[in-house]
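We'll go through them one by one, and then see where they meet.

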Amino acid sequence: MSDRIFGAVGLALALFYVWAALQIQESFLSDTVGPKTFPIIIASILGLSSLIILLRPDPEPVWPPLSRVAEIAAAVVVMVLYAEFLSTLGFVIATALAAAYLSWRLGSTVVQAVITGVGVSLCIYAVFHLLFGLSLARGPLGF
Amino acid sequence: MDIFSSLGDGFLIALSWQNLALAVLGCFLGTIMGALPGLGPSNGVAILIPLAFSLGLGPTPSLILLTSVYYGAMYGGRISSILLNIPGDEPAMMTCLDGYPMARKGLAGEALSLSGVASFVGAFFATWGLILLAPQLVKLALLFGPAEYFALFALAFATLGGVSSTNQAKSAFAAMLGLGLAMIGVDTQTGVPRMTFGEVHLYDGIDFLVAIVGLFALSEVFIFLEKRHGEAAADTSKIKVGRLMPPMSMLKQTTPTMLRSSFVGFVAGVLPGAGASLGSFLAYSLEKKMVDRNGTFGTGDPRGVAAPEAGNNAAAGGALVPMLALGVPGSGTTAVLLAVLLSLNITPGPLLFSQNPDVVWGLIAALFIANFVLLAMNIPMVGMFTRLLMVPPRVLMPFVAMVSFVGIYGISGSSFDLLLMIGFGILGWVLRKLDVPLVPIILGTLLGNTMENNLRRAVTISNGDWWTLVGSPLSITLWTVAIVGFILPIFLGRVVKSRMHARRDVEGSTSD
């Protein structure tokens, strides 16, 4: 079933890609092939392989139970928040929070997670910023 | 001989303090990444690329750092195979078969040091192979026009799934997805934006580093979260390494095996789409056929440890040949190394050898140095790496995730790229679940624009005649190999894969 859904999504993607390729504005100074042709070739092979996946699916993969999927979704949310708030919070604080969360969800106790988070953050800051001089996001506190 | 004088120049470049330090650092990091289950060579190199850039290293130093990581990871994979029966990365899978039984017999130290020597032999011969073969391939490549290049790229995609692929439709899907992603951005020939939907951030195209780090490193973090593999795989109280030198008799017994396996591995590495996993598999199977008269393979035969290790390290060197000489990588990790070259504005291929000889020969000299460094690190210091197996993923994985973010942020400083990377992470996780290989996606994003340019150039030169694509004997040959290489696995794939993956782990899709 998964492969059939996957194939259908792939097919839709291929159709969308063809549509998007046809929207490309051609310049009046174009070469003989033009900017549309190669994307359309790609989309046709994409569609063809999706069709084969749809018609001849592999055995069903092992999907994790819903709780594990929620786990991943939560981690994604944390990472998105990290990306958004990195520049407001500053590198050290944001990284410590995100790393602590991930460590906690991978099975650390709360205390271990906090130590891991702070440790990872300070370690990266020390090595990459202080030692190698990489510019990291600066927060209101200057780090 | 001009090869030796070039090599001498290479050593002059590689032997500067900075480059030596980078080689040592790379070997060390690489061995760790190879040894820790969950971080393979492709992952390891992928995470470090953005950092090599943000640190402002020049082309030769960055390449030295990253290829040392690559060689190091190939060495390191065996440590957890032997001690824990868990391959540290995919090429080390075959080492489990005889390495773990040897460790059970109390010969862990011998197995580790013997495999270290075998890795050295494999990598050493492969580096010589690279020196001798790459310039010949360059001469051939100079005959290539745009049509031949287009066919060559098609060949790379057709064979990248490799003979171990079971579902060619999924490999094709992945390759097209990668090519499709590469189309995003302003068209290089006419200057019109494509597939950008008015989003200014996309005009420059998607940075392939974002795609690589997301697909490889972040998806690995998600896999660990899914399985909640938080605890260290190693219970160190049970590991006893013992003596760290293989007895002379064992070395003598395994020498022919190592030499044969190095050759087989090197050839497997050079062939498109094979890579190190297949190298070690072929080397092991061949040795089993040739010398296993008493049926001792699989029960801790030292030759069964030496064969796959020499094979996979030789294949790692062999895979560099098409990458450097033609600009077409033969395996997953070399695809990632190609990304390094492209982002440093160096176009690999025949002209690399004449335009940037310092890069090529500096790199080759660095490979020799890395090899000796690794031998030194892996025999006396192997105990230190076994201790690193104790680092639990609940500490390691947050570190990996955060280093990925730092690397990408360091390149562009935009949170749009970070969000894009998270998106690729999710995509990578879903595709790995569905058993879709990730390497063709990477190769597609890397080569897409060059491939299209060659196609358009070829057709334009011939005034719009598409038959020019199959207009020369060379391009017809390339297309034939591509088609055979694509169709063959449909019949052979299941057999090879089921044998190879008798003991597969979660790392299937980031295979190398």
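In chain A, buried residues make up 33% of the 143 residues. A residue counts as buried if 20 or more other C-beta atoms lie within 10 Å of its own, as exposed if 12 or fewer do, and as partly exposed in between, with C-beta atoms placed from the backbone. For chain B, the buried share is 63% of 512 residues.

Before going on, keep in mind that this is a predicted model, where local features need pLDDT of at least 70 and side-chain atom pairs count only at pLDDT 80 or more, while totals for chains, interfaces and linings use all residues. Residues are numbered from 1 along each chain as its sequence is written, and chains are lettered from A and ligands numbered from 1 in the order in which they are written.

**The two chains**

Chain A is built from five helices and zero strands, giving the pattern α-α-α-α-α along the sequence. Helices (H or I, at least four residues) and strands (E, at least two) are DSSP runs, numbered from the N terminus. Chain B comes to 20 helices and two strands. Its radius of gyration is 22 Å, close to the 24 Å that the globule rule gives for 512 residues, so chain B is as compact as a globular protein of that length. Chain A has a radius of gyration of 23 Å, but a compact globule of 143 residues would have one near 15 Å. The radius is taken over C-alpha atoms, and the globule rule is 2.2 Å times the number of residues to the power 0.38.

Here are the spans of the two C-alpha traces:

| Chain | Span along principal axes |
|---|---|
| Chain A | about 55 × 50 × 25 Å |
| Chain B | about 70 × 50 × 50 Å |

Now for contacts, which need the C-beta atoms of two residues, placed from the backbone, to lie within 7 Å. Take contacts in chain A between residues at least 6 apart in sequence: 58% of them join residues at least 24 apart. For chain B, that share is 82%.

Is A:Phe91 buried or exposed? A:Phe91 is buried, because 24 other C-beta atoms lie within 10 Å. Its C-alpha atom is separated by 29 Å from that of A:Arg68, 23 residues apart along the chain.

**Helices packing inside chain B**

Two packed helices are described by the angle between their axes and the distance between the axes. Axes are lines fitted to C-alpha atoms, for helices over the stretch in contact, and angles run from 0 to 180 degrees between N-to-C directions.

The axes of H8(B) and helix H13 (residues 332–343) of chain B come within 10 Å and cross at roughly 155 degrees. That makes H8(B) roughly antiparallel to H13(B). Angles under 35 degrees count as roughly parallel, over 145 as roughly antiparallel, 65 to 115 as roughly perpendicular and the rest as oblique. In this pair, B:Phe208, B:Leu209 and B:Ile212 of H8(B) meet B:Val336, B:Ala339 and B:Ser343 of H13(B).

B:Asn345 isn't a glycine, yet has a positive phi of about 65 degrees. B:Asn345 is exposed, with 7 other C-beta atoms within 10 Å. Phi is also positive, near 65 degrees, in B:Asp435, again a residue other than glycine. You'll find B:Asp435 in the loop between H18 and H19 of chain B, and B:Asp435 is partly exposed, with 17 other C-beta atoms within 10 Å.

**Where the chains meet**

Across the interface, 54 residues of chain B are in contact with 58 residues of chain A. Which helix of chain B gives the most to the side that touches chain A? That's H17(B), with 13 residues.

H17(B) (residues 393–412) also pairs with helix H5 (residues 110–131) of chain A: their axes come within 10 Å and cross at roughly 40 degrees. That makes H5(A) oblique to H17(B). Residues A:Thr116, A:Val120, A:Ile124 and A:Phe128 in H5(A) meet a group in H17(B), including B:Phe399 and B:Met402.
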